[in-house]
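Biologist: Before I rely on any label in this model, I would like to hear what stands behind each one. Could you take me through them?

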Amino acid sequence: MTSNLRFDTRALREKDNEHVIHPWGYLKSADKQDTLLLADSEGVYVYDTDGNKFIDGPGGMWCVNIGYGNEAMAQAIADQVRQMTYYSPFGKLSTPPHAELGAKLAELAPGDLDRCFFATGGSSAVDSAIRFVWFYFNVMGKPDKKAVITREGAYHGSTFLASSLCGKARDKTYMDVMTDRVHHLPSPNPYRRPDGMSEAAFLDQCVKDLEDKILALGPDNVACFIGEPILASGGVIIPPKGYHRCTLEVCRKHGVLYISDEVVTGFGRLGHFFASEPVFDLVPDIITCAKGLTSGYVPLGAFIASEKLYQDVLGSKAETAVFSNGFTYSGHPVACAAGLKNIEIMEQQDVCGHVRRVSPHFQQRLQALGKLPLVGDVRGVGLMGCVEMVKDSRTKEPFPWEAGVGVKVDRCCQEKGLILRPMGHLCVFSPPLVISSSQIDRMFDIMHEAIVETQDELTRSGAWTA
Ligand SMILES: Cc1ncc(COP(=O)(O)O)c(C=O)c1O
């Protein structure tokens, strides 16, 4: 397929530079950047405003799981807009898609996670989940349980509360966050564990970090632990095997609730609707999700809490307890209709099965990139992956962020028809889940060529020696 759509790219860039504040945009250099304007899409491909075609490596942003331009999805959204555009979800008001999607998520979620609260995206889902946990302990007569434990390298969103839970220091340089209730553990990144430490010893260390933190704060003061099963935006960090189960046990032992943030890992990315139980042997108290919930067609997020938590609230002495948290667009009928259709499409096309079938090939091609001298580490699960470029693979010294090595690789890839997501010395990718084996091959062939070319460029400029 090619795109017949054409736009005045220069004029659009000018408008964008002059009037748009971009999330995570460098304000000072914005007017010098060649903003990539994407205007058309189909399947795993996107097209820029000049008609250039790219494989979409990041799947939008870990989200376009069923691929672009799905007709059935477009129809479901249009039908819902015509039928019942919007109604308030507050109190005892609801709409059919809101109720249906709640029941469907309860069916798909593990254990007794049966109670859904709908938000407008991942950040507001996380924000709402933490507020629910605080609400829960207030209602249960334990108002001192307020501390939230998170990790360095975590990403949980961009509202004030969710951003406070993030663990990427760079993101806080010029930004204010809440510090008094939030406590960070070291990253569970096996690649950067201390020299000479075995992976088993590293697991013990990570679990001990959590237990030590709970004991230091006092279990009566700790509300919850929140963790992405895989730290996605932190660079696809996969904690050591057994980590999820062991950290859950520590939380259970000390009466600390466990939130599994599945905003990225949910909806098929790892071959299951929710990865917590089938991949990580973890049935948490709450799961947060967004992104793949609607495959990015319209914004929607949710948290799904256990029936036990809900029943505890019902059985409490707090007769007038109101969960005073919600948004005009909580449970938006159009978004919920998109969520329902997305799940139907995924079930009909067995998208999770497809991911389980093609991901060994994806991971094998990813591992092969690890042999290139510029690459220090490659890691991934399912259809998500990361390449980490280092100055010295023996010492694992990373390139400084400013060197923009990830951006260089991404630019090279773009020239060849692939978009990646560069982050400092990392490139991450998580293509639409409907990607075929031959499209996976094309993706990795391009990445291989681009890394080799970047190696050559860095060698020529004296910034790197093999
Ligand atoms: C694990 C995780 N949680 C939460 C969020 C926030 O989601 P949103 O950007 O939809 O608010 C993200 C976004 O990337 C994420 O990766």
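This is a predicted model: local features need pLDDT of at least 70, side-chain atom pairs count only at pLDDT 80 or more; totals for chains, interfaces and linings use all residues.

Biologist: What makes a residue count as near the ligand, and which residues are the closest?

Modeller: A residue is near a molecule or strand if its C-beta atom, placed from the backbone, lies within 6 Å of it. In this model 16 residues surround the ligand, and the closest are Gly-121, Gly-122, Ser-123, Gly-157 and Val-263. By class the shell has six nonpolar, eight polar and two charged residues, where Ala, Val, Leu, Ile, Met, Phe, Trp, Tyr, Cys and Pro count as nonpolar, Asp, Glu, Lys and Arg as charged, and the others, Gly among them, as polar.

Biologist: Why are α4 and α11 called oblique to each other?

Modeller: The axes of helix α4 (residues 96–108) and helix α11 (residues 333–348) come within 8 Å and cross at roughly 40 degrees; such axes are lines fitted to C-alpha atoms, for helices over the stretch in contact, and angles run from 0 to 180 degrees between N-to-C directions. Angles under 35 degrees count as roughly parallel, over 145 as roughly antiparallel, 65 to 115 as roughly perpendicular and the rest as oblique, and α4 and α11 are therefore oblique.

Biologist: Which residues of α4 and α11 meet?

Modeller: Pro-97, His-98, Glu-100, Leu-101 and Lys-104 in α4 meet Pro-333, Cys-336, Ala-337, Gly-339, Leu-340 and Ile-343 in α11, contact being defined by C-beta atoms, placed from the backbone, that lie within 7 Å. The residues of this contact divide into seven nonpolar, two polar and two charged.

Biologist: How do you know whether α7 and α8 are parallel or antiparallel?

Modeller: Helix α7 (residues 199–217) and helix α8 (residues 243–253) pack at an angle of about 20 degrees, with their axes 10 Å apart. That angle makes α7 roughly parallel to α8. Their contact includes Leu-203 and Cys-206 of α7 and Tyr-243 and Cys-246 of α8, and its residues divide into eight nonpolar, one polar and one charged.

Methods: Residues are numbered from 1 along each chain as its sequence is written. Helices (H or I, at least four residues) and strands (E, at least two) are DSSP runs, numbered from the N terminus. Two residues are in contact if their C-beta atoms, placed from the backbone, lie within 7 Å.
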